[in-house]
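The sequence and the coordinates are shown first, and the explanation follows.

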Amino acid sequence: MKGSKTAIAIILGMFLVVGIACGGKSESPTPTPTQTPTQTPMPTLTQKPTPTPVRTIINVNESDSGSTITLGHSQFLAVTLDSNPGSTGFSWNLSAISDTDMIQWVSDEYIAPEQTDPPMVGVPGQEVWTFEALAAGTATISMKYIQPWQPEAEPAETFEITVNVE
């Protein structure tokens, strides 16, 4: 019995040595065919990158009322006007754009005044109205400062600007 255990141990040891010597690997893998690299054409001197259009914003405020400004196609106009809807109820409303095919309203936003310590009551913020130039021509933007619940009342202020789009 003792001899058979020794024989089994020797046989197992031989399998272990052979397995380690072969690296535990089976047959070598089949080589894959090499790929032919594709060539990317080099740009010629006549190829130029297409520039990204710059969308500039022209800023105006109350002091520009009654004036004429010039915009390029796809430029933006930002009209910034003082406003105090919280304590007086007045806010800016778009009365008219004389040619909506030439210039269009994009957005309007109220920007509250910065907080002070102690807080000041009745401090006006600003409304920023944004318009985009769409086509060449001339148009007028008219706005009025009213209390929305009294749309037929005389406005406290008006703002008007003529826009030439080239």
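Which residues of strand 2 (residues 68–71) make up its covered face, and which its uncovered one? The covered face of strand 2 consists of Ile69 and Leu71, while Thr68 and Thr70 form the uncovered one. Before going further, note that this is a predicted model, in which local features need pLDDT of at least 70 and side-chain atom pairs count only at pLDDT 80 or more, whereas totals for chains, interfaces and linings use all residues. Residues are numbered from 1 along each chain as its sequence is written, and side-chain values use heavy atoms, with hydrogens and water left out.

Strands here are DSSP runs of E with at least two residues, numbered from the N terminus, and two of them pair if DSSP finds at least two bridges between them. Strand 2 pairs with strand 8 (residues 157–165) in the parallel sense, over four bridges, and within strand 8 it is Val163 that stands opposite Ile69.

Strand 3 (76–83) has seven of its eight residues buried, so it is largely enclosed by the rest of the structure; buried means under 20% relative accessible area, exposed over 50%, and partly exposed in between, for a 1.4 Å probe and protein chains only. Strand 3 pairs with strand 1 (residues 57–61) in the parallel sense over five bridges, with Ala78 of strand 3 as the bridge partner of Asn59. Strand 3 also pairs with strand 6 (residues 125–133), this time in the antiparallel sense and over eight bridges, and there Leu77 has Phe131 of strand 6 as its bridge partner.

The aromatic rings come next. Rings of Phe, Tyr and Trp (its six-membered ring) count as a pair if their centres lie within 6.5 Å, and planes under 30 degrees apart are called stacked, those over 60 edge-to-face and the rest tilted. A search of the whole structure finds two such aromatic pairs. Phe90 and Tyr145 form a stacked pair, 5.3 Å centre to centre with 25 degrees between the planes, and this pair links distant parts of the chain, since Phe90 sits in the loop between strand 3 and strand 4 (91–97) and Tyr145 in strand 7 (residues 137–146), 55 residues apart. Tyr145 itself is buried, with a relative accessible area of 9%. Trp92 and Tyr145 form a tilted pair, at 5.0 Å centre to centre and 35 degrees between the planes; because Trp92 lies in strand 4 and Tyr145 in strand 7, this pair ties together parts that are 53 residues apart in sequence. Trp92 is buried, as is Tyr145, and the ring pairs link Phe90, Trp92 and Tyr145 into a cluster.
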